[in-house]
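Biologist: Before I rely on any label in this structure, could we go through what stands behind each one?

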Amino acid sequence: MFKTLFFSIWFAFHPVHVTLTSIDYIPETESFKVFVRMYFDDFVLDCKLNGDVIQKEGFSGRNSSSIEAVEKYLKDKVVIKVNDKQLSGKLHDMNMIDNEVSMNLEFINGKKPKTVTVKNLIMTGLYNDQSNMIIVKVDDFEEGVKLTSDLTEQTFKIK
């Protein structure tokens, strides 16, 4: 009984190290809409590891320095390749509610995807138990994967 109680209390106070990234292909514009959600305090710590200082005060989707910091961070941490060509993304909007930051980006492609490779390094240098959940959707193809500190990249073959 003591062990059960101890582990229940420990898990209740142990933080969850997880992010969510969804990547949706939009055929009309030959682009990808990318949604990323992470915890703000983890984002701040991960930026600090790279020498960037982020302040909670004034951080918002309307602040140009916040937008630049997020775009730089995601450019370094999330790499999307379509048909072996690396794409670049642009932040469209960002919201912070409590300790969660949600971002919407657009990546221009120009070709129908046959393969989508996602490399996600968000917080993998910060936490050994980091889980980066990825969902890729192209037409009728939809697949998800959990990337970790040990497995940071996955290639999806679109049928």
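The conversation below takes the labels one by one.

Modeller: This is a predicted model, in which local features need pLDDT of at least 70 and side-chain atom pairs count only at pLDDT 80 or more, while totals for chains, interfaces and linings use all residues. Residues are numbered from 1 along each chain as its sequence is written, and side-chain values use heavy atoms, with hydrogens and water left out.

Biologist: How many helices and strands does the protein chain have, and what makes a stretch count as one?

Modeller: The protein chain has 3 helices and 10 strands. Helices are DSSP runs of H or I with at least four residues, strands are runs of E with at least two, and both are numbered from the N terminus. Along the sequence they follow the pattern α-β-β-α-α-β-β-β-β-β-β-β-β.

Biologist: Why is Thr21 called buried?

Modeller: Buried means under 20% relative accessible area, exposed means over 50%, and partly exposed lies in between, with a 1.4 Å probe and protein chains only. Thr21, found in strand β1 (residues 18-26), has 0% relative accessibility and therefore counts as buried. Of the 159 residues of the protein chain, 39% count as buried.

Biologist: Which residues does Thr21 contact, leaving aside its neighbours within four places in sequence?

Modeller: Contact means heavy atoms within 4.5 Å, and with those neighbours left aside Thr21 is in contact with Val34, Phe35, Val36, Asn120, Met133, Ile134 and Ile135.

Biologist: What makes β5 and β9 the edges of their sheet?

Modeller: The open sheet of 6 strands has the order β5-β6-β2-β1-β8-β9, with mixed pairing. β5 (89-97) and β9 (141-148) each have a single partner strand, so one side of each is left without a neighbour in the sheet.

Biologist: Which strands make up the open sheet of 4 strands, and which stand at its edges?

Modeller: The order is β4-β3-β7-β10, with antiparallel pairing; β4 (85-86) and β10 (153-157) stand at the edges because each has a single partner strand. Within this sheet β3 (residues 78-82) and β7 (residues 115-120) pair over 5 bridges, and Lys81 stands opposite Thr117 in β7.

Biologist: Where does helix α3 lie, and at what angle to β3?

Modeller: Helix α3 (residues 64-77) lies across β3 and β7, running at about 60° to β3. Axes are lines fitted to C-alpha atoms, for helices over the stretch in contact, and angles run from 0 to 180 degrees between N-to-C directions.

Technical notes
Pairing = 2+ DSSP bridges.
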